[in-house]
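Let's take a walk through this structure together, one feature at a time. Please keep the sequence and the 3D view open as you read.

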Amino acid sequence: MYFPQQQYTDDSIDVHNPDLLRIHSIETLGTHDGPGIRMVVFVQGCQFRCLYCQNPDTIDIHGGSFVPIEELVEKALHQKSYFGKKGGVTVSGGEPLLQREKLIHFFDRLHENGINTCLDSNGRVLDSKTEQLLERTDLLLLDVKHINKEWHKKLTGLKNKTTLRVAEYRESTGKPMWLRYVLVPGWSDQEEYLHEWGKHFASYKTIEKVEIIPFHQLGKHKWEVMGLEYQLADTQPPTKEEVNKAAEIFRLYFKNVKIK
Amino acid sequence: MKSTTETLCFKTGNWNNTIDVYDFVLQNVSPYEGDSKFLSGPSERTKKLWDICKENLLQERKNNGCLAIDTNVISNLTSFGPGYIDKKNEVIVGLQTDQLLKRAMKPFGGIKLVQSALAERGLQVSDEVVKIFNYAKDHNQAVFSAYDSEIRAFRSKHLLTGLPDNYARGRIIGDFRRIPLYGVDRLIEAKKADFAAVGGEMTDHKVRLREEITSQISALQDMKLMAHTYGLDISVPAANAHEAVQFTYLAYLSAVKEQDGAAMSLGNVSSFLDIYIENDLKSGLITEEEAQEFIDQFVMKLRLVRHLRPGSYDEIFGGDPTWVTEAIGGQFNDGRTKVTKTSFRFLQTLYNLGASPEPNLTILWSQKLPQGFKDFCAQVSIDTSSLQYENDDLMRPNRGSDDYGIACCVSYQKIGKRIQHFGARANLPKALLMALNGGREEDKGSVVIKNIPQMKDGVLDYDSVMDIFKTTLAEVARVYAKSMYIIHYMHDKYYYERAQMALIDSDPGIDIAYGAAGISIIADSLSAIKYAKVTPVRNDIGLTVDFNIEGDFPKYGNDDDRVDSIAQEITKIFIDELRKHRAYKDATPTLSLLTITSNVMYGTNTGSTPDGRKAGEAFAPGANPMHGRDVNGAIASLNSVSKLSYDDAQDGISNTFSMVPKSLGSDKEEQVSNLVGIMDGYFARNAHHLNVNVLDKETLMDAYEHPENYPQLTIRVSGYAVNFVRLSKAHQLEVITRTFHETM
């Protein structure tokens, strides 16, 4: 594993302080993580060790900085006029569920101010706090990185059991979600597994959209800067044909499949 | 296609009793709430014409930016015979001279400038023309005969720059709709009545007004003669849509035959013309293709407007702009939209003829614009980067009228009722350096502003700097106002805009449009002094050559009130000072935060500043944050600019914004929707203006290396658009280094 596994319940994340969020950075004109124009808060800390991670600098649970949630609300209010009917705030990462208690508070504050909330998650944790957070999440962007548990583990360092349970739970609430899938040649583009992935979710009624995100090398320099071993250094992005093929397979199961 | 007046069926109103185009539009306009699907492509004739134009434009570029110059004739309404591109294919006719892209001499702004423009190209003004100025005075000579040593010093030390004292001031917008609506004879009648009404005891004002009206009447008569050379009779109103477009163009052509003002705006003709087009479409006299052909060919002509400029002019107005600014869209005060199908047709020219910097198409943005129009504007911006946007919801209530155009780059101008006098701009960072150097300029040390105390040595104290800076700004305003008084007095006297003024009410209200450059440097410099430790580095004669900055400080462009409020405060101080001084013809002072492309030249002429900017480095354009200092994303950057108060800068607050397409979304539909969101969001915060560029930095770098591959590449700079390849290499590089918002 290129980065050691960390426990998130230690002081590093200041779990019980609802007022401070450990974040990596903020993007003010987010147009790729949820609908419309969004303020995207990238939280710090993640337990997945995805081989293709584009933000390895958000993994370390001790990194980033604590920012008062009120400050984030204030920032969101400064951007509210740009959000229009569709946009709002997306919390991405890192893995937001590691800080789900704080996010419950954050999303409440956003809703009080009439701001739409979106959570971009790999579905790492499912407990009553996750459920409470999902209740406050207007749209869930769930990354289901592989349908096969072994491949999922090879790809991310962990199995996909909880992620699938989060999807199932979301489905049971009837609230909308988008599924996201990073297409990595040789790792997540096996035809049989794409079909299996599609079949698994085909009957879900809450899936509004499936987004295919073709693997790219734009995060490569971060690995180099951090001195991490980057296994996919020589992996090429999928060709247009490969991406279209994956999309065609997904379209057998879903009405709305989009290539990012 | 030809119809008689009987086919025109208009609702009557006050416009029938008096010259009141606005009332005609209000009574007869057909607001359009739909989308762009009805639009047509270019006609065969249009394509043939534009091919000829493109070939000539290529020759012009190859020939160092100028195809031909007439060195014998002083251009006015009647001095050139008719000119054509290709007569049989021209639906809308008329050229400035007798040959496509041939430039003409208009020496009354300053014969010297004309002579140097010709000399640079190895030509000479004919003896006959030169001789005239042995007897007659021009604007330039007259202004300098009244300048004092103070103004000369401010001017030569780059504190006041780009002053229209050796070229024509421009900016005055004729109500070009008046000719098609009323015909020239009716306008002459009205002007004669205005003359007759100037009675009683004479005053300077009355005498001047009488002389002006008489000049206007002579211009109107000459317009008829000019139209006649094209076989057209404009003494009577337009009888159909074709004539309405043609007459409007001839009215505009009159202005650019007589004047070569820096900016020669068109106004807001599109929805006026729509009334005629709708009428003829409904009567079955024309098809949509023909309607589009009128507009395409009209716009083609506007793209071909040329003025004779010397090389030095390119420093302040890069890329040979003409500012044929047409304001499109916006809302009526009665709640209806001003958008018509012809608003769409004007934008469609950017597809039918390809991207172009001129005419300078300006969208008056309201939150209430029809969605179909908002989407089409965003789409056109993404495809062509040829549009700019201004806040209709802000300007309309603040300035009072819903019948307005945009003068020059960004300035509100009520049409036909008021005019503005162009005031160029003051270099605020230069003023700050003079404040820090006891009134001496930072380069050689000569005293420019008297009675400025010398700062104490050591770390700069914010309050002391502010005190001295305020005193300095008061002095700058005093001398600036004085120079503008002289300039406009003389311009009226020696280079009066008789053609434009003939199409404006006889005694209109006037704004004097002052300007300020470098607001972002001022905000960051004062912020550095306030929040970090700034120590001047002085040379052996005590002049600041650099600044040592210890510690960090808030920078303008990050939505940080600590520094954004400084930009607001200084703007207010400066306009308040300017308002203390009387202006020529009692004009009302306004202020712009705008640089055109002169931000490069300002940088060259300004020493190191306390914000860490080194001597010679370019300023940010307009009210933009400095390059690379807006590090909290696009919206934070927009928000900082949106905080500048329009009340303090009614002449305009220019912001130029560049994005890579991907940053707007992953497909066209998302990009359109998100660009609309940015505009709605920005203008909801009472921001004033936004230039939108949607392109890759790589495209610009490739165009820098291989200009031949990008003849029509258009980018928005400060308040206008240019053909990128026609900018100087220095300006091209400056554009490339500007902040691109490209996070994805």
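A word on classes before we start: Ala, Val, Leu, Ile, Met, Phe, Trp, Tyr, Cys and Pro count as nonpolar, Asp, Glu, Lys and Arg as charged, and the others, Gly among them, as polar. Please also bear in mind that this is a predicted model.

With those classes in hand, let's begin inside the protein. How do the residues of the lining divide by class? Seven are nonpolar, four are polar and four are charged.

Next, turn to an open space. The second largest pocket has a volume of about 800 Å³. There are 33 residues along its lining, and R208(B), E212(B), D492(B), K493(B) and Y496(B) are the closest to its centre. At least two lining residues come from each of α9 (204-229), α18, α19 (498-501) and β11 (509-517) of chain B. Which of the elements gives the most to this lining? That is α9(B), with seven residues. By class, the lining of this pocket has 14 nonpolar, seven polar and twelve charged residues.

Helix α18 of chain B comes up again when we look at salt bridges. Over all chains, a search of the whole structure finds 67 of them. In one, the side chains of E150(B) and R478(B) come together at 2.6 Å, N to O. This pair links distant parts of the chain, since E150(B) sits in helix α6 (residues 149-156) and R478(B) in helix α18 (residues 462-494) of chain B, 328 residues apart.

Now let's move to where the two chains meet. The size of an interface is often given as the accessible area lost when the parts come together. Here the area buried between chain B and chain A is about 1,800 Å², and carbon and sulfur atoms give 54% of that area. Three residues, I635(B), S666(B) and N674(B), supply 28% of what chain B buries against chain A, more than any other three residues. In terms of contact, 27 residues from chain B and 17 residues from chain A take part.

Several polar and charged pairs span this interface. Between chain B and chain A there are two salt bridges, and K258(A) and D667(B) meet in a salt bridge through their side chains, 2.8 Å from N to O. The rule for polar contacts finds 14 residue pairs across the interface, counting those with both residues at pLDDT 80 or more. On the side of chain B that touches chain A, the elements giving two or more residues are α23 (634-642) and α24 (668-684) of chain B. Of these, α24(B) gives the most, with nine residues. This side of chain B has ten nonpolar, eleven polar and six charged residues.

Finally, a few backbone details are worth a visit. Most residues other than glycine have a negative phi, and most peptide bonds are trans. Against that background, look at the cis peptide bond that joins G93(A) and G94(A), with omega about 15 degrees. Its G94(A) is placed in the loop between β4 (88-92) and α2 (100-112) of chain A. In chain B, a cis peptide bond joins E358(B) and P359(B), with omega about -10 degrees, and P359(B) lies in the loop between α14 (341-352) and β5 (360-365). Our last stop is D559(B), which has a positive phi of about 60 degrees although it is not a glycine. You will find D559(B) in the loop between β13 (544-550) and α21 (561-579) of chain B.

Key: Residues numbered from 1 in each chain as written. Chains lettered and ligands numbered in written order. Predicted model: local features only at pLDDT ≥ 70, side-chain atom pairs only at ≥ 80, totals over all residues. Heavy atoms only, no water. Contact = heavy atoms within 4.5 Å. Buried area = accessible area lost by both parts, 1.4 Å probe. Salt bridge = Lys/Arg side-chain N within 4 Å of Asp/Glu carboxyl O. Polar contact = N/O pair within 3.5 Å; in protein donor to acceptor, adjacent residues only side chain to side chain. Helix = DSSP H or I, 4+ residues; strand = E, 2+ residues; numbered from the N terminus. 1 Å grid on protein atoms, 1.4 Å probe; cavity = no way out; pocket = protein on both sides within 12 Å on 5 of 7 lines; lining within 4 Å. Points joined across faces, edges and corners; volume = space filled by probe spheres on them.
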